[in-house]
Amino acid sequence: PVFPGNPKIFGTFPPSKLYLAQAIEALAKAGAKTATSVFESASFTKGVCAAMPGLADKFNLTLQDEIEVVSSPTSVDLDPVARNLSMAENDPDIVVACVYDQGCAEWVASMRKTGWSPRAQVFTVCIGMDKFQDAVGTDAMYMMGVSPWDPSLDMQDQVVGWSAMEFSELFLAT
């Protein structure tokens with residue numbers, strides 16, 4: 001079993017430094033020039049967004065800011081961030097939100113209150129989750145998330161060594 005004590009559960013865990021790579025590459029190829037990351041103070045979210053300086057360098061983006069907020073942020077924490085980023089001199093092409101599901105909905109609400117939306121928004125966790133879509137409705141349209149088990153991804157799990165393709169094949173076979 002991949003997860004001790006849970007013989008029917010398996011998955012892939014891409015290295016956090018690769019989690020955002022394909023989304024950032026695609027956006028850079030589409031013309032994005034600037035990016036900012038907003039991340040919760042938690043190990044996974046910090047680890048994923050810690051890759052942004054290297055990704056910005058690799059894809060010729062200017063990383064304007066890396067903003068850490070408290071774990072499980074609310075509008076009290078995120079409204080000032082959205083207001084600051086909405087200012088013309090700070091307005092990034094891409095905002096990468098390394099947050100968990102509560103932080104996703106709160107971030108979207110903060111952007112709506114401010115009347116601002118970046119040209120591209122990338123989330124780590126919430127895209128595709130029913131709870132997120134129920135919370136934000138049509139605001140979820142045109143947002144990008146990360147799906148580490150897509151078979152086209154060229155990465156391997158650090159725990160079992162499976163590629164995304166191998167995971168997909170095993171998953172579909174069950």
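Which pattern do the disulfides of the protein follow, with bonded cysteines counted along the chain? The pattern is 1-2, 3-4. Keep in mind that this is a predicted model. The tour takes the disulfides, then the aromatic rings.

**Stop 1: Cys49 and Cys98**

The structure holds two disulfides. Select Cys49 and Cys98 to see one of them. Their sulfur atoms sit 2.1 Å apart. Look along the S-S bond of Cys49 and Cys98: the torsion is about 90 degrees, so this disulfide is right-handed. Cys49 lies in helix H2 (residues 43-49), and Cys98 lies in strand E3 (residues 94-98), so the bond ties together parts that are 49 residues apart in sequence.

**Stop 2: Cys104 and Cys126**

Move to Cys104, which a disulfide joins to Cys126. The S to S distance is 2.2 Å. What is the handedness of this link? With -90 degrees about the S-S bond, the link of Cys104 and Cys126 is left-handed. Cys104 belongs to helix H5 (residues 101-114). Cys126 is in the loop between strand E4 (120-123) and helix H6 (130-136). The pair therefore ties together parts that are 22 residues apart in sequence. Cys104 has 0% relative accessibility, so it counts as buried. Cys126 also counts as buried, at 0% relative accessibility.

**Stop 3**

The cut-off for buried is under 20%. Phe44, at 28% relative accessibility, counts as partly exposed.

Tyr19, Phe44 and Tyr100 form one aromatic cluster.

**Stop 4: Phe123 and Phe132**

Finish with Phe123 and Phe132, an aromatic pair that is tilted. The distance is 5.8 Å centre to centre, and the planes are 55 degrees apart. Check the surface once more. Phe123 is buried, with a relative accessible area of 0%. Phe132 is buried as well, with a relative accessible area of 4%.

Notes: Residues numbered from 1 in each chain as written. Predicted model: local features only at pLDDT ≥ 70, side-chain atom pairs only at ≥ 80, totals over all residues. Heavy atoms only, no water. Disulfide = S-S within 2.5 Å. Helix = DSSP H or I, 4+ residues; strand = E, 2+ residues; numbered from the N terminus. Buried < 20%, exposed > 50% of the residue type's maximum accessible area, 1.4 Å probe, protein only. Phe/Tyr/Trp six-rings, centres within 6.5 Å; stacked < 30°, edge-to-face > 60°.
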